[in-house]
Amino acid sequence: MTSFSISEINDILKGELIGNTNQIIQGAEELKKANNNQISFIGNPKYSKIWSDSKACAALVCPKSVIEPGDNRAFIRVKNVDLAMAEILTLFKPSTPVFDTDIHPTAVVHETAKIGDGCKIGANCYVGKDVELGKGVILYPNVCVFDETTIGEGTVVWSGTTIRERCVIGNHCIFHINVSIGADGFGYRPSDDGRGLVKIPQIGNVVIGNYVEIGANSCVDRAKFSSTIIGDGCKIDNLVQIAHNSVMGRFCIMAGHSGLAGSVTLGDGVMIGGSASIKDHTTIHSGATVCAGSGVMNDVEAGKTVLGYPAQEARDMLKEWASVRRLIKK
């Protein structure tokens, strides 16, 4: 079992140690659930009142914290509690599932596929014609990678994920369970005789940058032509839809149940809240934020925060809601 003294943890975090504890720290937990061998955190001073009832022997605290740790308990004061806790969680992170063999006997790997050094391919995986896997790629059981797809080094693909043909995946990405990359975009037009719908061929692909993480059951559709693009460092939650020919800049965030319609463009650092919907052919410029549950119908300026359905500048929307509430009360 991994364990540390409080001084060892403080050496790693390079914080300010307040008080001391002789307890050996064997894990991390929230304040209310922690035991006396665990470290917790107080990210906001309003949670300080919970400390006295917590069994945790130590906690990370923000610079504004004024409470004392107490007998045989310690605080580590850090500039950013969330980032420091991320380091702590990394220390106690359990190991991932172990591969007994690099390529499982039940995996089907086409003879033309190029497999980099240190790759691991789990049971019942399929790796198609002319696929290229960079060094250290991990495909957990039941992953399908179709023809002519390239996956960069260090990328991890969890079970149930399917990556369709001709897609390009960068280095050090993480695709969680049941991700879909490169399915056909949603393209149909009414037939001339009015008796049905004509499917529009989707002949493009998906291009994903480096250090992208995509949550479980999320979908990135291939382009009608050219590419659907996800920039470096983007983080995508579970159950997110990214439609054909959308382009995401670098380090964008999309929360669960949000979605981009076709040909949406996001600048760098755009944040999309949960269940937000973005209309097709809309541009959200760099640094903008779309609040949860909003419906964006028009372009959003750089750095703006929008809210509501249809979305508008957040302060204006809040004023409008307040005015409606006052009218209702009358």
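Trainee: Which residues of helix H2 (residues 81–91) are buried?

Mentor: Val81, Ala84, Met85 and Ile88 are buried in H2. Before going on, keep in mind that this is a predicted model: local features need pLDDT of at least 70, side-chain atom pairs count only at pLDDT 80 or more, and totals for chains, interfaces and linings use all residues. Residues are numbered from 1 along each chain as its sequence is written, and side-chain values use heavy atoms, with hydrogens and water left out.

Trainee: What makes a stretch a helix or a strand here?

Mentor: Both are DSSP runs, numbered from the N terminus: helices are H or I with at least four residues, strands are E with at least two.

Trainee: Why is it said that the buried residues of H2 line one face?

Mentor: Seen down the axis of H2, they fall within an arc of 100°, so they line one face of the helix. The arc is that of the directions from the helix axis to the C-beta atoms. An α-helix has 3.6 residues a turn, so residues three or four places apart point the same way.

Trainee: And what do the buried residues of H2 pack against?

Mentor: Helix H1 (6–13), E2, strand E3 (38–42) and strand E4 (58–61). Contact means heavy atoms within 4.5 Å. On the other side of H2, Asp82, Leu83 and Thr90 are exposed.

Trainee: Why is Thr21 called buried?

Mentor: Buried means under 20% relative accessible area, exposed over 50%, and partly exposed in between (1.4 Å probe, protein chains only). Thr21 has 8% relative accessibility, so Thr21 counts as buried. Thr21 is found in the loop between strand E1 (16–19) and strand E2 (27–28).

Trainee: Which backbone atoms lie by the polar side-chain atoms of Thr21?

Mentor: The backbone nitrogen of Gln23 is 3.2 Å from one, and the backbone oxygen of Asn72 is 3.0 Å from one. A polar contact is a pair of N or O atoms within 3.5 Å; within protein, one must be able to donate a hydrogen and the other to accept it, and residues adjacent in sequence count only if both atoms are side-chain atoms.

Trainee: What makes E25 and E28 a pair?

Mentor: Two strands pair if DSSP finds at least two bridges between them. Two bridges join strand E25 (residues 235–236) to strand E28 (residues 253–254), and the strands run parallel. Lys235 stands opposite Ile253 in E28.

Trainee: Which strands are at the edges of the sheet?

Mentor: The open sheet has eleven strands with mixed pairing. Strand E8 (120–121) and strand E37 (312–313) are the edge strands, as each pairs on one side only.

Trainee: Last one: how does the reach of helix H3 (residues 314–329) compare with the expected value?

Mentor: The expected span is 1.5 Å times one less than the number of residues. H3 has 16 residues and reaches 23 Å from first C-alpha to last, close to the 22 Å expected.
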